[in-house]
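This briefing is for a reader new to the structure.

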Amino acid sequence: MVTPLDQPIAILGSGAAGLITAYTLINDGFSNVTILTKDKSPGGVWADERVYPGLTINNVYGEFRFSALPMPPPQIPTTGRLSGQDMCSYMRIFADTFLKGNIRYAVEVKKIYRPGSDEDKIGWLFDVENLESGELQILHFSRVVLCTGGCHVPFIPSNLSLPTAHRKEVKGHVFHSSKFRSQLDLLQSNGQDVKSFGQVVIIGGGKSAQDIASYLASREVRVTVVFERADAVLASPIPLPSFIRRSRFLSILAGHEHLDTRLERFLHTTRVGARLTHFIWNTITQISYYTLGIHRKSPLRNAHSLFWDIRTNDEGILRSENFHDLVNKGRIELVSPARAKALGEDGCSVVLEDGRNLEADTLILATGYTSSWDIFDERTSKELGLDRHASSSAVENSRRHWDYTTLTNPPDIRANGSQTGQEWINPIYRGIVPAKNILNHDFAINGAVFTTNNGYSLEVISHWISSYFLRDPHLQLPETVEEAMESSKRNAAWIRKRHPSALSWINPSYSSNLAFWTWPQAMDDLLRDMGLRTVRSGGNWFTWPFKVIKIDEISTLGEERRRRWQI
Ligand SMILES: Cc1cc2nc3c(=O)[nH]c(=O)nc-3n(C[C@H](O)[C@H](O)[C@H](O)COP(=O)(O)OP(=O)(O)OC[C@H]3O[C@@H](n4cnc5c(N)ncnc54)[C@H](O)[C@@H]3O)c2cc1C
């Protein structure tokens, strides 16, 4: 008899999510696992062909590590931040050590759909193109894990797009931040250096804009950064101890969808607790501004809120020649609040909405990313339940539940750039399985839960997916589609309540569920689903919030699940 373990599984994407999912499935005994990726090397965002010099990661050291492979220390130890190059080698070593022979590179999946006739509507068909030979193929798989990430398909406003640039005969370069590495390679192959970019204007106030700006400015390139609102920042004069930064401390202060402990209930549902909670977040914000030298009148203070938003740059400490340092030294010019409206008619400028004109030999669009789920046609997307629904019950739910004292007086979402304020439902159960498909056990997503600890979260999710594919009787799941839908709607309503401004930019392919600071509670929810021990960092009634959460605490999840199964 053919068991799920023998049936072919496709994992789409060789980023961190794809690699750890393949590793877990293979360790669980799935014998026919293939990663398909259009890249030439592993790592996704951190693949060799994408990582550019100057890219540093935003996470505390160790938060992007999997339990099976230790992470080498960062190249610049004092800052505690890994470089893009460090991440690239970690991903490559992981793939070489555990996944040799399981990855098909340079294969683009054009379309995913169910087989046509009703009787064999089992599994999935993939239209793929071999990017080296140009050969087209149709592949069949029984199960799919979608790991295409949320930072893969660039979002480019049409008024600033390449076709518009061609039409306006723009003389210099116009490209999205995701192409920065290939543009540098091109310059190098032409024997030029970055100074040949001339005056650079970068549109966007996020991490990519800042990394690229500092890379260029530190090489004496003239850089102007245009943005409406900056990301929140987190920094301290000295590296904070692990019991603060790698424990549950911030996650408890952030407030989860359900408050399981007395301390959390005190912090979020009493007046004194709420005051204390907001006081701590405000203090962290002020210390961060002080550390990074962001003075009172700086446009960088016109930033997203550390408490309400999840657009946060976790800087650690001030590093010399990083973005804030170079801004303070006057080597990066900021134009904000401002929004780019069009490419100038003279072919070497950009026009802002307020009428100003900025000289730009090179325009870099650090304008973010859009969903990578465009590989489903409308019918498949509807059948599967990946489409976005409007739902009045989301608003109703958000009014009824979560009367947390900390969540009174939310910021005005229009101030955060939300155009419509429309309510929406992205019905993905736990951010992992489309609610509509929950009973089929043949489709899952890893990488759509927005978190600050990718290593831990992606690994726990990979175990949940494996249990789900194996129909593990210990995995608690909704029993009906309606139940799964209701749970997803409730979660969408929670997101709306907790992070109202996320609506203005949300991209479901990496934020179907938001477990930003609260990833420890969200991962406990998944461990609980699997019937496994939660709050693994331990501690007594007093010490538990400060216990360091180590990746090793989840290294035995596979064994634990198998043991339970045997019992
Ligand atoms: C410049 C940059 C910096 C970032 N910095 C941080 C950071 O510091 N900290 C942080 O937590 N997050 C950061 N992120 C977010 C980052 O996307 C995630 O943290 C994480 O790396 C995503 O992993 P993933 O596996 O989900 O997706 P990805 O790494 O994006 O992998 C997606 C994979 O899917 C493949 N793919 C997609 N579509 C197809 C298709 N149709 N056919 C074949 N293959 C396909 C891609 O080729 C790729 O292999 C950053 C993102 C960017 C772009």
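A polar contact is a pair of N or O atoms within 3.5 Å; within protein, one atom must be able to donate a hydrogen and the other to accept it, and residues adjacent in sequence count only if both atoms are side-chain atoms. An oxygen atom of the ligand lies 2.6 Å from a polar backbone atom of Asn-58.

The model is predicted, with local features needing pLDDT of at least 70 and side-chain atom pairs counting only at pLDDT 80 or more, while totals for chains, interfaces and linings use all residues. Residues are numbered from 1 along each chain as its sequence is written, and side-chain values use heavy atoms, with hydrogens and water left out.

**Ligand site**

- The ligand is surrounded by 31 residues, the closest being Asp-39, Val-45, Asn-58, Asn-59 and Asn-454; a residue is near the ligand if one of its heavy atoms lies within 4 Å of it.
- A polar backbone atom of Val-45 is 2.8 Å from an oxygen atom of the ligand.
- From Asn-454, an N or O atom of the side chain is 2.7 Å from an oxygen atom of the ligand.
- The ligand taken alone exposes 990 Å², and the protein buries 91% of that; accessible areas come from the Shrake-Rupley method with a 1.4 Å probe, and for residues only the protein chains shown count as cover.
- Helix 1 (16-27) and strand 4 (107-113) each supply at least two residues of the shell around the ligand, and strand 4 gives the most, with 3 residues.
- Helices (H or I, at least four residues) and strands (E, at least two) are DSSP runs, numbered from the N terminus.
- The shell around the ligand has 14 nonpolar, 14 polar and 3 charged residues; Ala, Val, Leu, Ile, Met, Phe, Trp, Tyr, Cys and Pro count as nonpolar, Asp, Glu, Lys and Arg as charged, and the others, Gly among them, as polar.

**Lys-207 and helix 5**

- Lys-207 is found in helix 5 (residues 207-217).
- Lys-207 counts as buried because its relative accessibility is 18%; buried means under 20% relative accessible area, exposed over 50%, and partly exposed in between (1.4 Å probe, protein chains only).
- The Lys-207 side chain reaches the backbone oxygen of Thr-56 at 2.6 Å and makes a polar contact of 2.8 Å with the side chain of Asp-211.
- Leaving aside neighbours within four places in sequence, Lys-207 is in contact (heavy atoms within 4.5 Å) with Thr-56, Asn-58, Asp-231 and Asn-313.

**Salt bridges**

- The count comes to 31 salt bridges, each a side-chain nitrogen of Lys or Arg within 4 Å of a carboxyl oxygen of Asp or Glu.
- One of them joins the side chains of Glu-345 and Lys-168 (3.3 Å, N to O).
- This pair links distant parts of the chain, 177 residues apart: Glu-345 is in the loop between strand 15 (340-343) and strand 16 (349-352), and Lys-168 in the loop between helix 3 (162-167) and strand 9 (173-176).
- Glu-345 is exposed, with a relative accessible area of 67%.
- Lys-329 forms a salt bridge with Asp-325, with 2.8 Å between the closest N and O atoms; Lys-329 is partly exposed at 46%, whereas Asp-325 is buried at 10%.
- In the salt bridge of Asp-354 with Arg-356, the closest N and O atoms are 2.7 Å apart; Asp-354 is partly exposed at 46% and Arg-356 is partly exposed at 39%.
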